[in-house]
Amino acid sequence: MNMQGLLKQAQKMQKELTKVEDELKETVYESTMGGGVVKVSVKGTMEIESISIDESIIEKDNKEDLEEMIKSAVNDALLKATKDKEQKMNALTGGIKMPGGF
């Protein structure tokens, strides 16, 4: 393959990577815990978009349970976002790790 062909292929991959990154920025991953009393939404950029807590669970004597459910929901939503990003990037790159956090 010649250099011009490689350059075109790299440019095409860059465009596809940019498209996937843009899609991930807009994708929201949700997780619920405690039968739905705690709900966390994160974006593909690993930013928390929202946390929702049902009032029925807010009591002084279950503070630790609530904290644990929030932590678990956040971690689960972030894991979903991370796995989706890895899957989409691997589909483009054939599993080759790209520099710069792609």
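This is a predicted model: local features need pLDDT of at least 70, side-chain atom pairs count only at pLDDT 80 or more; totals for chains, interfaces and linings use all residues.
Me: What makes α1 a helix of the expected span?
Reply: Helices are DSSP runs of H or I with at least four residues, strands are runs of E with at least two, and both are numbered from the N terminus. The expected span is 1.5 Å times one less than the number of residues. Helix α1, residues 3-26, has 24 residues and reaches 35 Å from its first C-alpha to its last, close to the 34 Å expected.

Me: How do you know that the span of α2 agrees with its 31 residues?
Reply: At 1.5 Å a residue, the 31 residues of α2 should span 45 Å, and its end C-alpha atoms are 45 Å apart, so the two values agree.

Me: Why are α1 and α2 called roughly antiparallel?
Reply: Axes are lines fitted to C-alpha atoms, for helices over the stretch in contact, and angles run from 0 to 180 degrees between N-to-C directions. Angles under 35 degrees count as roughly parallel, over 145 as roughly antiparallel, 65 to 115 as roughly perpendicular and the rest as oblique. α1 and α2 pack at an angle of about 165 degrees, with their axes 10 Å apart, and they are therefore roughly antiparallel to each other.

Me: Which residues of α1 meet α2?
Reply: Contact means heavy atoms within 4.5 Å. Residues of α1 including Met13, Leu17, Val20 and Leu24 meet residues of α2, among them Asp84, Lys88, Met89 and Leu92.

Me: Why is Met46 called partly exposed?
Reply: Buried means under 20% relative accessible area, exposed over 50%, and partly exposed in between, with a 1.4 Å probe and protein chains only. Met46 has 34% relative accessibility and therefore counts as partly exposed. Met46 has its place in the loop between β2 and β3 (48-53), and, leaving aside its neighbours within four places in sequence, Met46 is in contact with Leu78, Ala81 and Thr82.

Me: What covers the buried residues of α1?
Reply: The buried residues of α1 are Leu17, Val20 and Leu24, and what covers them includes β1 (28-33), β2 (38-43) and α2 (63-93).

Terms used. Residues are numbered from 1 along each chain as its sequence is written. Side-chain values use heavy atoms; hydrogens and water are left out.
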